[in-house]
Each structure stands twice: as structure tokens, then as C-alpha cells.
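Trainee: I would like to go through the labels given to side chains and contacts here, and ask what each one rests on.

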Amino acid sequence: MHYLRLAGWLCLYCLVLLPVINQLAHAKKPSLFNDFVRVADETAGQQSSVYYIYRDQRNFLWFASDTDGVLRYDGYDYRVFSEQLTGDQEHVSYAAVAITDDTTLWAATWGQGLVSLNSKKQQVRHFSTTMSGSESLRDNRVQTLFKAKSDRLWVGTLSGLNYLEKSTDNDNWRLASLPVNHPLYGLRIWGLAEHDDKMWAATSRGLYQFNDDFSDWQVYYLYPDQVGDNRLNEIRTVASFGDRLWLGSNEGVFYLDPKQQALRAVEFAAGENQSIPRINTLAVDASDVDSPIIYAGGTDGLYQVNRTTGQYIDQQGQWNLLAGVDIRAIEFDANGSIWIGARNQGIFYARRQSEHFSAQLTYSVYSAQYGEDSALWLGTSDGLFYQPDSQDDWQQLKLPAELKQQRVPLIFLDSNSNAWVVADDTLLKTSQRAPNALKKVNFVKQQLNTENSITAIGEGSNGSLLFGFWGLGLAEYDPQNGTAEWVFNGNAELRGDRIYDITAVAGVGDFFVTRYSGLYHRPIGSKQWRSVSGPELTLPGKDTMLCAESYSPNTLWLCSTEGAWKIDFSTQQTTRLSEQQGLNSDRVVGIQSDQQGDLWLLTSRGLARYQQERDELINFTVHDGLPAAEMLRGAAALSRNGQLVVGTVKGAALTRPADLKINVFAPTVNLTRVMINNRDTTDQYSFTQPQINLPSDHRSIEISYSVMDFHDTSLNRGRYRILGLDAQWSDWRNSRIVRFTTLPPGHYRLQIEGENSLGSRSEEPLEILIHIERPWWQSFWLWLLVVSLVLLLAYFLYKLRFRALEKVNERLDFEIRQRTRELSEANERLRSLSQTDYLTQLLNRRGFSEQFKMLQRQFSRNPRDVSIALLDVDHFKQFNDRYGHEVGDQVLRALSKEMQGHLRQQDILARWGGEEFVILFPETDLAGAKVAAEKLRRTIEKMTVDGEERDYRVTVTLGVCSARHLKDPIEKWMSCADTALYEGKKQGRNRVQTKEFK
């Protein structure tokens, strides 16, 4: 009896708890897409109904609509293709699009038949009911298109099925129809699929299976016992997902049971009283292979089906999203985001919600630390927060009431279980294990005698604590005896300098980085700090460093505005990570290693993971779950159980790197627009491997491209090179346009590489062939003809003129010889005049200098005694003033003639200027020169110059200088002689004064 009562109570509890348990079970799988937005682009936003969305092999999205027809989306812009397909016809409604391997675009219209555009040939074809025989389209209202593995393109119309296949004799497509006696000949074809090597058609009267040669077929009904003139067995769509075939109908979603070979309905959970949805389309995210979800678009929103259980999924308390939207098309882009085409409501879009990061708090997080017990400490703009391990609730530790601000820019948890906190320029302390009221630390003011704020805290290799102070330097604190002392004061030399970070490198020593002064190092066992600089290491600029971290022996990582730098002290090698390697920004403000050995780089534009073994970077932004893209300096930490926290301007982000599953793929790069001379010529080129042929008089080429990754298009980048002009790649840049102005004639290959926001690069570049024609006047044959004619004409002219030229040449030779002789004589006269004094006919200063240099060359190999005498007429200015310049000139001429008569043949006499004369005595020592000069002085003293009215007499003073060589310049010799002359004048004039040359 006791057991029966217990069993009854258990049953009662189950009945009471069953609805709650059921609700919790449904809430375990929330939708990945919650925030649907209607596309409001100027082009795409005006579409009334979108019946089909197609993603091609190069990741373009194509939309078939009833407003502007066919649109193509490249992640940035929507381009309309309707005019290329149907000319300027208005109000052509499109039902489906497809692209075959030969880059032919196929468009199904509702009333205008089937249209194709071969982008390579720029050829448009139109298939309709007016075509003859078996090539006639079954109906001009085309419902669907399907590419089969057999390279057939199936065309489903309102009145039956057609297919297209390549002709064997050419590259054209041939349209064919099913046999008249086939059951699909006249049925409305809603959708097509390929499953188990069979073709399947969703029709207005059931699901049909058939083979390629139409010899075998089979039909399946939703309600076999109600086959007739009704819509109960109408199948509106069919798709193959995994090992099952799935159907959408007026009666909801069905699947084909492979064992029973019967159609089974997808059901709502037990106890749910829901109306059966009318399903128009089915889709799965091909990039998420592990997902069991099928997305079903109905006339009243978006439903989800679990293809494992065969049940509809409760999406956070509701069974359908986008309620009230008649969904006609579903497609996923390469990033797994969903695109919805709706009837009368255009295009909807929802980004796949990332579960990479969970946001914590909403304040700016300046500092993050994990304690010994994996408790998380955060210093924020609104105080200090503490979260014990395995708990969701945050505790805010109160700061002292007298502090003016609640901002906590710095936290440091040391190895002695202490928590050091900087708030309002005040150093505080508490226990990690039992956090309580924060208390002020007194040693800063009492022992270091400063009130400057602390900007960095670190633990040295010797177990001491190191504190960096704004504008002062570094202090060391001994936790054993509680004493502190200054160990570095270099920051005081530069106003506003501060220590940003302090770290210890195993096997090397302690390091800190500063705001302006660069990196400093204290080796193990040393007390001295020294600046680390080149040339032994390549480092970022001194005023660019922002942090320093070490995660392995002999290795140091530096943050900077020039990227992240790795220094290996064992090899003295430096490597750098920057935007050129795929980093989302060169401004790196923090570095943190995880348990897998990967590095997490905090930048001004998001977060990046660097896998060192693969040398691979992946970037994360707000689209991956980060609360903000702007990371804060040094705000990163890793717990013992592998949880990573990073600080942003809008809160902290947590993740577990070991559990991350990231959809990384190499994006394709596509041509999206070609502008020639500012005219859009895009429609003239193939979708793939385009070739641009231009005349020689083109002015400009502008090529737009897209990196086909829609995750965060603002961070996609590209670079290019044009082979034939410059083989060097350009820098990576966000611009999607390449411009060239007046390329010279020739053949070029423009190559464009792309990189997406995650840092993944395209496997192969987009290649565009460009041919610039040569102008007609630069053609090879024309130039060959011109050259030949010129040579022939020159030959004949040569023959005609040869004889006449011989005579002319003889006469010219004679005249040239004669004129050459005359010119030589004239030049000699000019040279003589340029070196001769016009008054005395002696050498002038220039002539004497030439003779001096010539004698220098003669004496250079065999040095001999040389003397120079500088002669000056005494009181000659007074003489001129008294008797006139004409008498003075007469005296100078007589004086020149008298000196010439008393000098040796080898002596060189020249008028140096005015009343000064210079005499060069070769092979004459100082004694000999003095004798010759004295003799000359006496001769002049006795000389009388006859005048018209009276006779005139003058005296001279000579300065003589002598040496055993002549290698010094003339200026030095004249200076020596002038000095001797000056001494002679001082001693009374009319004398000879000598001086040794030094």
C-alpha cells in the first residue's frame, strides 16, 4: 500500500512538471537568427516580391524579383541584369535564376519564357512556346530551374517539364521536352531535386521520381486515399538533405521514409496545438554541416525543422519567425547568414549570431586579472568588480569613500595572494582569497616620497614587486620586509613619460616599456636597468610601444602602433605581425596567450588570434559577439581552466579558445564593374576570366572588385599588381577600385588578391587580361615600310651626290686647313695678350702664375733651390700725385726695361700689379737671391728717367723669400715675399729684406 501511494505521488508530480519540462526542452535550442532586417538598399529595397535567391560558385547572390528582375549582390552593391536579358521590356517578373559551368546565366520569367546570357560570348538567347517541335518550351510561365549532375539544366513550367543540354557538335544549348505520354508532360512543376541518382519533381499532383531516359517513373502522394481534383497532394518544393528527401506543401513539411517508401509529415511537439503551415521553400546552411536544422519558408514566416527527430523546433517560445511574411526563397551566403525572399515584402536578411564571445558588464574595462581560484577581477570605468569562479553574479568591491572617482585603471594579482588596485591615483590592496574592503598602501608616500599615480605593476624575476610611476620612473618593493626604493628615474627626463607595462622573461631578466623612451632591461642578477635598442635588435620606434608580455623562456612580445613584435633573445631574431600579414590593425594594445599556445592580440579594430605553429591570423569584430571593436590597453587575462577575457570600451568579452569553432574559408575575388573613360562597360565582359581590349586612345580604366565575404565587408581588403607594367604587389587596402590612366600599348595581366575580415586570403587571384592596341602609326608593318623607303631614298641620294661631294670635300679640306692655321695663330696671339701686361710688355699676374706652375712640374721630381722677390716702387702714389700718371707710366716702362737688362735668361720677371713686380729666381738659394736683388736695387737707385721738363729718379724695396722646393701654391710664396717686403718698408725702404719660406 505504501508503494502504491508513493507511485501515485510520483505520477502527480510528473503531471504537474510535464509542461515545465516540455517548455525547458523546447528552449534548449534557440534560433540562430533573431534580428531580421528588411534590406533597404536603394535598388534591392524597392523590390516588391523576390521569388528565388541563388548563390553561385563564386559566392555572388542572385535575386529573381518582379520589380527590377534579376539582381546580383557582391557584398557591397546590387547590380540589375534585367536589361541585358530582356532589353528594355518593362514589368518582366522573374521566378528563378541559375548559372551553368560555361558562365551562362539562365533566368526563368513568368510569361516571357526562358532567357540565357552567355557572358563569354555576350550572347542572349530566348526560349519560348513559339519554338518548333521538341524544342518548344512547355509554357512561357517558367516556375523553376535545376542543375543536375548530368550537366542537364531542368526547366519546370506551369504546364510541364523541359530540359537543356549541350549539343555535341557545338557549344550551344539545345532545349528538349519530355515524351507526350510521360505523366510530367502537362503537370505544373513547382520544384526539382536530385536524390539517390534519381530526379524528383514536386508537382501540383504529387511527388514524381524518374530517371534520365524517362523509361521509369513513380509517384508518391501525401494522401494516397484522396487523390483527385484538389490541392491536398500538391507539392510546392522538394530538396535533398543528407539521406532523406524533404518536401514542402500546403500541409506542412514532409519527408520520404526510405524504408517504408512513404511520405511522413513533420509534426509539432506533443501537446502543441498549432495550425499546419503552408511551405513554399526549404533550405539548409551548407557551411554548417553538423547542424540538424532545416529552414522552411511558409506563407506565414520562417519555420525550423529538426531533420534528426522530424519535428518542428520551438524558436524561443514561438514556432515561426517573421510571422506575417510570405517567404518564397531562402539562401545562405558563404558566412552562414540567411537571406529571405518574400512575396510583396522584398528581401530580409539576418546575420548568423555568433556564440564565440559572451559579454559581461557594460562599462569600459581597463584591466582584467584572474586570481588563484580562477576568480575574475575587472577594473572598469565604474569601479572594481569581482566574480568568483563558477558563479554568474558580479560583486562590486567598494572603494574608500574619500576617493573622488570610481575609475579603476589597473589591477595586479601577485603570487602572494594579494590584489593591488589603483583607483583615483591611489594604490589600494586587499586579499585575493577573501576580498574585503580595500585599504590604502602607505609606502608610496612614506618611503618613496611621491604622490604621482602608478601606471604599471609587475613581478620581478627575484620575487619583488615593481611599480611604474607617471613621469618619474620605477620603484621596487620587497614584500618580505615591506621596504621600497627607487631603482630607475629615467622617465623624469621627459615630461609626461610613463611606464606602460612590466614583465619578466625567463632566462633573460625583467623588462618594462615606456610611453616615449622605449624598452628597458635588467638582466638576471643585476641591479642596473639599461635601454634596449639596435643595432643588435630590430625594434619598433621608442614612442610606439604599448605593452610587453612573455609566455615562454627567452621570448618577449611587444605591442606597438606598428604591430606586434616577437623578440627571441636566444637567436637575437625579431619578427613582426602587422596589417601586411593580415592583422586587422597595426595598433596592438594587448597580447595574451592561451592554453593552446595561440596568441590573442587586442587592437584598435577588434581582436585577433594568432596560431604560431600555422603562422595564421584570424580577426574578430562585433559581428563575432564582441561588445565593441575598440580594445583597451593590456586588458586581457586567461584563467587556469582556459577561459579568456578581454576588455573593451563597452564591457568585457569572455570565450573559451579551446571550444571555438570558426568557419574560416578562403574568399574568392570577383570583378564587379569596369569603367572605360568614365563609361560603364561591365556588361561587355565575362563573369569569369574577363579580357579587356582597348584602343590606343583610351584615357582611363577603372576596375571595381569585391572580396566575396559578407561577414564584415568594411574590413575586407585587397591588393593588386599588373604584370607587364609592375610585378610588385601593392599594399593591402580597403578600397575596392583599381585605376589606371593611359596605359601604354601592350598586353597586361591584372591580378587582384583578397583578404576577408577574419584575415583569410584568397587561394588564387582574380586575373583580368588587358590588351591596349597600338595606334596605326605604331604598327610594325607600317614602320617596316617607312624604314625601307627611307633607306632606299637615302641610297639614291647618296649615289647622286657622291661625285659632287668629293669635289666639295676637297675644297672644304683646303679651307679647313687654312682656317685652322689662322685660328691657331689667333689663339696664340690671344693667349699671349691674356698673359702680357699692356704697359710694360712683361708677363702679367696670370702669365707669371702659368710660368710658376710649369716650373713646379719641372722641379717636382728633382727639388732645387728657388727664390722669389717682390719689388715695390717706394712712395709711388705720391710720385703719381705730384708728377701725374703719364710720368708714372713712363717710369714703370723704363724700370721694366732696366730690370730685364740685369736679370738672367732663366729668371722670370712679371708685373704683379700697380707698382709691384715679381721676380722668380730658379736654382737660386736665399744668399744668391739677396745678392741679385741688391744689385738690382742699386742699379735702379742710380737710374735716371728723362722727362720733357726734368729727369726723374726712384728707389725700390724688395722682399725676398727662398726654399728648397716649389711644391707649395703660389699664394703661399707671395704671402712670404709680401711679408719680407713689408718688413723692408718698415725699416726705411730702398732696401732688400729676406725671409726663409716655411
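Mentor: Start with E753 and R719, whose side chains meet in a salt bridge at 3.0 Å, N to O. E753 is in strand β64 (residues 746-755) and R719 in strand β62 (residues 717-723), 34 residues apart. Keep in mind that this is a predicted model.

Trainee: Why is the contact of E753 and R719 called a salt bridge?

Mentor: The cut-off is 4 Å between a side-chain nitrogen of Lys or Arg and a carboxyl oxygen of Asp or Glu. The N to O distance for E753 and R719 is 3.0 Å, so the pair counts as a salt bridge.

Trainee: What makes E753 buried?

Mentor: Buried means under 20% relative accessible area. E753 has 17% and is therefore buried. R719, also at 17% relative accessibility, counts as buried.

Trainee: Which residue forms a salt bridge with R964?

Mentor: D865 does, with the closest N and O atoms 3.1 Å apart. R964 lies in the loop between β71 (956-963) and α9 (970-986), and D865 in the loop between α5 (845-859) and β66 (866-873), so the pair ties together parts that are 99 residues apart in sequence.

Trainee: Why is R964 called exposed?

Mentor: Exposed means over 50% relative accessible area. R964 has 52%, so the label applies.

Trainee: How do you know that W783 is partly exposed?

Mentor: The label covers values between the 20% and 50% cut-offs. W783 has a relative accessible area of 47%, so it is partly exposed.

Trainee: Now the rings. What makes W154 and F214 an edge-to-face pair?

Mentor: The structure holds 49 aromatic pairs. In this one, the centres of W154 and F214 are 6.0 Å apart, with 85° between the planes. W154 is in strand β11 (residues 153-157) and F214 in the loop between β16 (206-210) and β17 (217-220), 60 residues apart. Both W154 and F214 are buried.

Trainee: Why is the pair of F443 and F467 edge-to-face?

Mentor: The ring centres of F443 and F467 are 5.5 Å apart and the planes are at 65°, so the pair is edge-to-face. F443 is in helix α3 (residues 443-448) and F467 in strand β40 (residues 465-469), 24 residues apart. F443 and F467 are buried.

Methods. Residues are numbered from 1 along each chain as its sequence is written. This is a predicted model: local features need pLDDT of at least 70, side-chain atom pairs count only at pLDDT 80 or more; totals for chains, interfaces and linings use all residues. Side-chain values use heavy atoms; hydrogens and water are left out. Buried means under 20% relative accessible area, exposed over 50%, partly exposed in between (1.4 Å probe, protein chains only). Helices (H or I, at least four residues) and strands (E, at least two) are DSSP runs, numbered from the N terminus. Rings of Phe, Tyr and Trp (its six-membered ring) pair if their centres lie within 6.5 Å; planes under 30 degrees apart count as stacked, over 60 as edge-to-face and the rest as tilted.
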